[in-house]
Every structure is written in structure tokens, then in C-alpha cells.
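Please keep the structure open while reading.

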Amino acid sequence: MSFENEFAFTATQFEIVLGVFTLTAAVFAAVLVYSLATAGSIAPRYRLTSYLTGVVMVSAFIELGLLALRWNGAFAWNGSLYESTGELFSNGFRYMNWSIDVPVLLTQLLIVAGITGAAFRKRWAAFVIAGLGMIWTGYIGQFDEIEGGAAFWGWGAVSTVFYFWLLYVAYLTLRDAKASAPNEAIKKLFNYVWILFLVSWTIYPLAYLMPQISATVEGVVARNLIYSFADIASKAVYGILLAVIAQKLSALRGYQPAIEAEEAFVEEAS
Ligand code: RET
């Protein structure tokens, strides 16, 4: 059971969590429109990244919408606090959403990094195995988050091993992307991808630990805020950053719609 269910919330605490869930869902809807609307200015060899951002946005929008409904149904106002209605709130849904989004986000990285052929297939297989291994072992561990027993720590540790493997393959991918980048500006953007990746992904294990770090009502509110922050960074901001890189690479390769899109941007900005 998620530790959220152990607490009663003030109106402010309850509304902050609900508000952030709703905001996060709205960001995903907006980035869905952005990624579809800008796909045409990206060369066909990179364009799949825009559609994959669309896939991530739809799945995350549904997940956050359902979490908001679930939060709303799990607690009711008793005149002074929001207390449990008997229905349970569950963070387990997040893990189901990651099962889709993590492999897709990593596929986008390979596409924009320009990895092709046998190297693509090898890295892709490593990403999918490491990603799903990480998520599903963590999923088993989180059922024990209130007790914080052997299952919580043991499965959390196994999950972390998968995570380090995944990070290593992501590091190799970005190293290759930088090595083949046509100029310094693109190299710099790939550096940003790495920093964004490292920071936003590493927040998830911290959220996993939260019931053990702070089993308080503040801990519940903080965990759900940092989940949303990580979700927006690792899915939406990341998707936009990859689209920007893909468009610049397209323009450098002479893809006319990308060149025109960049010109329009420069003219408007000056
Ligand atoms: C778990 C369990 C505890 C140990 C580790 C974890 C890592 C989770 C990560 C999740 C990333 C999710 C993303 C979702 C985007 O849609 C499973 C919490 C290391 C890194 C990026």
C-alpha cells in the first residue's frame, strides 16, 4: 500500500497535490500539440522522435488524469481535514506508465543521437531490458514501502543495479552523439540532455525512498510534487530539447523545412 493512504490532509495540502497533478496533465497535453505541430520541420530520419514524444504525452496524460481522479476519490473533507474514504490511492500506476515511457524515451535518445544499424539494435535491447528490469523490480519493492523491510530494500537494490546499467548505456550513447556532432552548439545541447537526464531520472529513486526518509504528511506532499517535477523534466522538457536538436541537425543536413523553420525563428527574434 502507498504511504499516502496513512495520512489526513489540510485543505491546502490536498489541493496542492491535486493542483499539481492537474497542471502536469495540462503540460503533457500542451507538449503533445507542440510535438505534433513541429514534426514537419524535422527531417524524416529524426522525425520519429516527435511522434514518440506524442506517445509519451498521451500515456502520461492518461496516467496523471487517473491519478488526479484517484486522489480525489481516496480522501474526503470531514469538516476539518481530508481523510481517507476507504478507497486507496496508489503510486503503483506510475510504474505501469513508466513501462511504456521509459523504453520510448530511450528510443528517442538513440534516434536523435544518430545511432543506426546493429549498434541501434544492441543499445535498444540493453535499454529495454535494463529499463523494464529496473521498473518491475522497483514495482515489487514499493508494495513494502510502509514497512521498509527486506523486500523494499532488496528489490530497490536490484532495481538500482539495472538503473546503473541503463545510465551507462545512456552515457555511451551521448558520448557517441557528441563525437559525431557537426558543431560545438550541438555538442553543448547533448551535454544539456545528459544533465537533464541524470537529474530528472535520479529523482525517481529518491521518491521511492520518501516513506523511509520522511513518513509524514509533508513527506507525502513533497513526494508527489517531486514526482511531477521529474515527470515534466524527464518527459516534456526532454522531448522538446530532443526536438530542438533534431531540427538543428536537420537544418545542418540541408533539410529545407528545418532551414525555413529556423529562419522564421531568427527573424522573429531579431
Ligand atoms: C525505482 C526503484 C528504486 C530504485 C530505482 C528506481 C528508478 C526509477 C527510475 C524511473 C524513471 C522513470 C521515468 C519515467 C518517465 O516516464 C524503480 C524507483 C533506481 C529511474 C524517467
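The lining of the largest pocket consists of 15 nonpolar, 5 polar and 2 charged residues, where Ala, Val, Leu, Ile, Met, Phe, Trp, Tyr, Cys and Pro count as nonpolar, Asp, Glu, Lys and Arg as charged, and the others, Gly among them, as polar. The model is a predicted one, in which local features need pLDDT of at least 70 and side-chain atom pairs count only at pLDDT 80 or more, while totals for chains, interfaces and linings use all residues. Residues are numbered from 1 along each chain as its sequence is written, and side-chain values use heavy atoms, with hydrogens and water left out.

**Pockets**

- A pocket is found on a 1 Å grid over the protein atoms alone, as an open set of points where a 1.4 Å probe fits, with protein on both sides within 12 Å along at least five of seven lines, and its lining residues have an atom within 4 Å of a point.
- The largest pocket has a volume of about 400 Å³, a volume being the space filled by probe spheres set on the grid points, which are joined across faces, edges and corners.
- Of the 22 residues that line the largest pocket, Trp98, Met134, Ser159, Tyr204 and Pro205 are the closest to its centre.
- Two or more lining residues of the largest pocket come from each of α3 (92–112), α4 (117–142), α5 (150–179), α6 (184–213) and α7 (217–252); helices (H or I, at least four residues) and strands (E, at least two) are DSSP runs, numbered from the N terminus.
- The second largest pocket has a volume of about 230 Å³, and the residues that line it include Tyr34, Thr38, Ser41 and Ile42, together with Ala243, Val244, Gln247 and Lys248 and with Ala261, Glu262, Phe265 and Val266.
- For the second largest pocket, the elements that give two or more residues to the lining are α1 (11–38), α7 and α8 (256–269), and its lining divides into 7 nonpolar, 3 polar and 2 charged residues.

**Helix α1 and its residue Phe28**

- With 28 residues, α1 reaches 40 Å from its first C-alpha to its last, close to the 40 Å expected at 1.5 Å a residue, the expected span being 1.5 Å times one less than the number of residues.
- Among the buried residues of α1 are Phe14, Val17, Phe21, Phe28, Val31 and Thr38, where buried means under 20% relative accessible area (1.4 Å probe, protein chains only).
- The elements that cover the buried residues of α1 include α2 (44–74), β1 (75–77), β2 (82–84), α3 and α7.
- Phe28 lies in helix α1 and counts as buried because its relative accessibility is 0%.
- Leaving aside residues up to four places away in sequence, Phe28 touches Met57, Ala60, Phe61, Leu64, Asp231, Ile232, Lys235 and Ala236, a contact meaning heavy atoms within 4.5 Å.

**Aromatic rings**

- The structure holds 23 aromatic pairs; rings of Phe, Tyr and Trp (its six-membered ring) pair if their centres lie within 6.5 Å, and planes under 30 degrees apart count as stacked, over 60 as edge-to-face and the rest as tilted.
- Phe9 and Trp71 form a tilted pair, 5.1 Å centre to centre with 55 degrees between the planes.
- This pair links distant parts of the chain, with Phe9 in the segment before α1 and Trp71 in helix α2, 62 residues apart, and both residues are buried.
- Trp71 and Phe89 form an edge-to-face pair, 5.3 Å centre to centre with 90 degrees between the planes.
- Because Trp71 lies in helix α2 and Phe89 in the loop between β2 and α3, their pair ties together parts that are 18 residues apart in sequence.
- Phe89 is buried, with a relative accessible area of 1%.
- One aromatic cluster is formed by Phe9, Phe14, Phe21, Trp71, Phe75, Trp77, Tyr82 and Phe89.

- Tyr208 is placed in helix α6 and counts as buried at 10% relative accessibility.
- Not counting residues up to four places away in sequence, Tyr208 touches Tyr95, Gly138, Gly141, Gln142, Phe152, Trp155, Gly156, Arg223 and Tyr227.
- Ile203 is also placed in helix α6 and is buried, with a relative accessible area of 13%.
- With residues up to four places away in sequence again left out, Ile203 touches Ile226, Phe229 and Ala230.

Technical notes. Buried < 20%, exposed > 50% of the residue type's maximum accessible area, 1.4 Å probe, protein only.
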